[in-house]
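Subject: Structure handover

Hi,

Here is the structure I promised to pass on. Please open it alongside this note, and my findings follow below.

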Amino acid sequence: MRARSALLPAVLARSKTTSAQYVAARHIDPTFEKLMDGYKHLLKVAAVQDLIIASPGLSLPLPLLSAAAPKLRLNRGAPHFVRTFPRVFSLHYDPSSSQALVRLAPSAAQVALQESSAASAAVPAAVDRLSRLLSMSPSRSLPLRAIFRIWKELGLPDDFEDSIIARNPTIFSLRDNPREPNTHLLELVGGNPSPNFTPAVEEWRLRERGREGSKADEMELRFGFKHGFPPGMRLAKNFRAKVKEWQRLPYVGPYDAAAGGLGAGSSKDRMKRMEKRAVGIAHEFLSLTVEKMVEVEKISQFRKWFGIELNIRDLFLDHPGIFYLSTKGKRHTVFLREAYDRGRLIDPNPVYEARRRLLELVLMRRRGLDGAQLGVEEPATQEEEEEEEEESGSAADDV
């Protein structure tokens, strides 16, 4: 592990290595990797599920799914994908259109309803999360298209434009985006300065101060973050000293105006403060998601709007005690390390619980079902089963 560079600004840390080498050199955390063994399939399943829910009659023609297969990364084609997860999807032949239709299996349909109901019941919390997200932008505004890309991560209802934005005109407003024709910006009404928002990390600091028997160093705790390094990662004395020094470094909070807040001093000192502010924003962003995880590409689209001038992915790699970056499923996913214990959220919520139930259905695959129950003429070949086992690894036993 590149412990020497773990607390340096990302711009400086990668001066002698390529981005791919830096990702490959990270310290692997087996718990998060096993979790992602299942999630890499769940993300594809959820994408297909969304298409089915949005289709008339909750039925998606198989040819349409086949056409979308490359974009959805269904590498072996839509029919194989659907039959791989019989507890989530079912195939039905429609005589009127002479084509197969893909529907949700009863168990998956029930889980989808539970998730939708949980999101609708938590509208007040969703309003708060969306307000906080906008408040991290110095302009108190964000592109609506960017919000659409993370609406599930934020636990927003699927009709959030109506149920949250339109129904809260004193909080949110939409206006044309001058930078992109035919797009909109979502903003806080009147540039709401968000006076009462407390970052999640500050709530942790308050708990640490009040914890019985706590020996926390107040100077370190005042600007510090909770750290929990991957198992087996060796922390040299020099590395521990750098962590302590970084913990004491003042920074501008995620809900504070960035202008003039980085302080005077050398360019190196300003770079350090800039980096720590970026860590604070990324930490708060992940805290706002219902699963405390998000694809790096999705959070990167907010980088300029949050005033972050550093590479987001490298920022996560530079701070392995706060974040964990996984590359499973040919995508980069970042987790808020402190939010998890043994692959599960420490403080779960109803939306997360519904998604965990869907994950359980995904991990079951074809286990325990015969050919008649699968609705296929022939069982999966040995080659297919071996490939599926290789893809899934031991996720079913460890997630």
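What percentage of the 399 residues in the protein chain is buried? Buried residues make up 49% of them. Bear in mind that this is a predicted model.

First, the overall build. The protein chain holds 19 helices and 11 strands. Take the contacts in the chain with a separation of 6 or more: 68% of these come from residues 24 or more positions apart.

The largest pocket has a volume of about 1,000 Å³. Its lining counts 33 residues, and the closest to the pocket centre are Leu 43, Ala 47, Glu 295, Lys 298 and Arg 331. Two or more lining residues come from each of α3 (30–53), α4 (62–72), α8 (144–149), β7 (293–295), α14 (296–300) and α16 (350–364). Which element gives the most to this lining? That is α3, with 9 residues. By class, the lining of the largest pocket has 15 charged, 14 nonpolar and 4 polar residues.

The second largest pocket has a volume of about 730 Å³. It is lined by 29 residues. Closest to its centre are Ala 200, Glu 203, Ser 287, Lys 292 and Asp 347. At least two lining residues each come from α7 (123–135), α10 (200–210), α13 (267–288) and α16. Note that α16 is listed for the largest pocket and for the second largest pocket. The lining of the second largest pocket divides into 14 nonpolar, 10 charged and 5 polar residues.

Last, a helix pair. Two packed helices are described by the angle between their axes and the distance between the axes. Here, the axes of α12 (residues 237–247) and α13 come within 11 Å. They cross at roughly 80°. Angles of 65 to 115 degrees count as roughly perpendicular, so α12 is roughly perpendicular to α13.

Which residues make the contact? From α12, they are Glu 245, Trp 246 and Gln 247. From α13, they are Lys 272, Glu 275, Lys 276 and Val 279. By class, this contact has 4 charged, 2 nonpolar and 1 polar residue. Helix α13 also supplies at least two residues of the lining of the second largest pocket.

Best wishes

Methods. Residues numbered from 1 in each chain as written. Predicted model: local features only at pLDDT ≥ 70, side-chain atom pairs only at ≥ 80, totals over all residues. Heavy atoms only, no water. 1 Å grid on protein atoms, 1.4 Å probe; cavity = no way out; pocket = protein on both sides within 12 Å on 5 of 7 lines; lining within 4 Å. Points joined across faces, edges and corners; volume = space filled by probe spheres on them. Helix = DSSP H or I, 4+ residues; strand = E, 2+ residues; numbered from the N terminus. Nonpolar A, V, L, I, M, F, W, Y, C, P; charged D, E, K, R; others polar. Axes fitted to C-alpha atoms, helices over the stretch in contact; angles between N-to-C directions. Parallel < 35°, antiparallel > 145°, perpendicular 65-115°, else oblique. Contact = heavy atoms within 4.5 Å. Buried < 20%, exposed > 50% of the residue type's maximum accessible area, 1.4 Å probe, protein only.
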